[in-house]
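Please examine the structure shown below with its sequence at hand. The paragraphs that follow lead through it step by step.

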Amino acid sequence: MRDDMILCQQKVAEVLAQVNQIVIGKEECVRKVMAAILAGGHILLEDIPGVGKTTLAMAFSETMALQNNRLQFTPDVMPSDLLGFSMYQKQTGTFEYQTGAVMCNLFLGDEINRTSPKTQSALLEVMEEGNVTVDGVTRKVPEPFVVTQLLPESQLDRFMICTSLGYPSLENEIAIVKGRQIQDDKAVLQPVINAEQLLYCKKLVEQIYMADDIYRYLCELCQTTRTNPLIELGVSPRGSVALMRISKAIAFLHGRDYVIPGDIDEIFLDVAAHRLVRSAKAKAAKRSAESILIEVMQNVKKPTAARR
């Protein structure tokens, strides 16, 4: 394995170790969020209030020296609050661009479904295109750019993964309560990498090797969701691409430079479950998307792992 890849894997492992000091007992969720960031995807957090979503975003931004913004969406939030606007400067006689909330590396949006369709559309365009257009001028958002938020079903396909922190265990909750008495999160966290180094890590993730048999296995999983009688709407080709990208990131986090079937299996539910629409038959039988996808994985033959 290349020395630069080994070094980047070690640095990312340090990031995870620091985040796990703050987001206690949620190592699996933290790893999946890191994988989505490395794969260049956006993250949907479906969760109850008060379990640490904002803390999670803050921890990642601190350890990777990323600029982060948060916006609570309400019915009166306008696209200009999100994208920015031009303001006339009397001194110079010109219009100057005032940045909006999305001009950052890590954007945390709460309850976008509460805001207007026009504002929702503006955010989805930024997520897809990676730039904002104000008064005919197009500007790139800072790289890397990651969105974490809660969205209605019609917009879920734009998110690479859907995950949840959930309630902590008793022992972890005790550790959380004790920790809040004696420490400040930002004092514990130290930058491990910066935005430029993160972009380099993302390029290395893109170079992770996938054998043809692994590609076939991945696509067969997604194809099977489209023919399953319990699924009305299966994983789209966009979902297949997302699964490929994040499977490479999972392999990277496991210290490899090639993908094995287990990498795909580890993240398949998080990539696919929120993209499905269950059939009436599945709903009547009270079958969850996750249980259906587990059956899909059991019915698709796994190839052997292949190195480069």
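This is a predicted model. The buried residues of α5 are T119, Q120, A122, L123, L124, V126 and M127. In general, an α-helix has 3.6 residues a turn, so residues three or four places apart point the same way. Just after α5 comes G130, whose phi is positive, at about 75 degrees.

The next topic is the interior. In soluble globular proteins, nonpolar side chains tend to be buried together. The largest nonpolar core of this model contains 76 residues, and M34, L38, F60 and F252 have the most contacts inside it. Helix α10, residues 237–253, supplies the largest share of this core, with nine residues. Apart from this core lies another, of 26 residues, including F73, Y97, M103 and F159.

F60 deserves a separate look. Neighbours within four places in sequence being left aside, F60 is in contact with V15, L16, V19, V30, V33, M34, I37 and L106.

F60 also takes part in the packing of two helices. Helix α1 (residues 3–22) and helix α3 (residues 53–63) pack at an angle of about 145 degrees, and their axes are 9 Å apart. Their crossing is right-handed. On the α1 side, the contact is made by V15, L16, Q18, V19 and I22, and on the α3 side by T55, L56, A59, F60 and T63. By class, seven of these residues are nonpolar and three are polar, while none is charged.

Conventions. Residues numbered from 1 in each chain as written. Predicted model: local features only at pLDDT ≥ 70, side-chain atom pairs only at ≥ 80, totals over all residues. Heavy atoms only, no water. Buried < 20%, exposed > 50% of the residue type's maximum accessible area, 1.4 Å probe, protein only. Helix = DSSP H or I, 4+ residues; strand = E, 2+ residues; numbered from the N terminus. Core = buried A, V, L, I, M, F, W, Y, C linked by side-chain atoms within 4.5 Å. Contact = heavy atoms within 4.5 Å. Axes fitted to C-alpha atoms, helices over the stretch in contact; angles between N-to-C directions. Left-handed = near helix turned anticlockwise from the far one by under 90°. Nonpolar A, V, L, I, M, F, W, Y, C, P; charged D, E, K, R; others polar.
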